[in-house]
Amino acid sequence: MPSDEVTVADRPDRGRYELELDGELVGVLTYRLDAAGGVITHRHTEVQPARGRRGLGSELVRFALDDARARGLTVCPQCPFVGAFIDRHPEYADLVAR
């Protein structure tokens, strides 16, 4: 994927993170933010099937988790993909809301 330009951005007005590949929207991670409680619930992650198996979903989740950490939020991984990612990357386990 070296020639592909990947960007990920938070779109709070849409309640999701968006991943673009060469300027085309190809993935989203939807969330619900409880700012008062300091919890972000990651609800659903989706990457266009034609763009799958390239690590884009993982890149999207990593961005969202790093953003939660930077903002001092805990994460409720309602999305199974996010939960599996955290299981495979224990460095994010401390973010999970108990």
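Predicted model: local features only at pLDDT ≥ 70, side-chain atom pairs only at ≥ 80, totals over all residues.
Ground rules: residues are numbered from 1 along each chain as its sequence is written, and side-chain values use heavy atoms, with hydrogens and water left out. Local features need pLDDT of at least 70 and side-chain atom pairs count only at pLDDT 80 or more, while totals for chains, interfaces and linings use all residues.

**Exercise 1.** Work out which pattern the protein follows along the sequence.

*Solution.* Start by counting elements as DSSP runs, numbered from the N terminus: helices are H or I with at least four residues, strands are E with at least two. That gives 2 helices and 5 strands. Now read along the sequence, and you get β-β-β-β-α-β-α.

**Exercise 2.** Find the residues with the most contacts inside the largest nonpolar core.

*Solution.* Take buried (under 20% relative accessible area, 1.4 Å probe, protein chains only) Ala, Val, Leu, Ile, Met, Phe, Trp, Tyr and Cys residues, and join them through side-chain atoms within 4.5 Å. The largest such core has 23 residues, and Y17, L29, I40 and L65 have the most contacts inside it. Two or more residues each come from β2 (16-21), β3 (24-34), α1 (56-70) and α2 (80-88). The largest share, 6 residues, is from α1.

Note on methods: Buried < 20%, exposed > 50% of the residue type's maximum accessible area, 1.4 Å probe, protein only.
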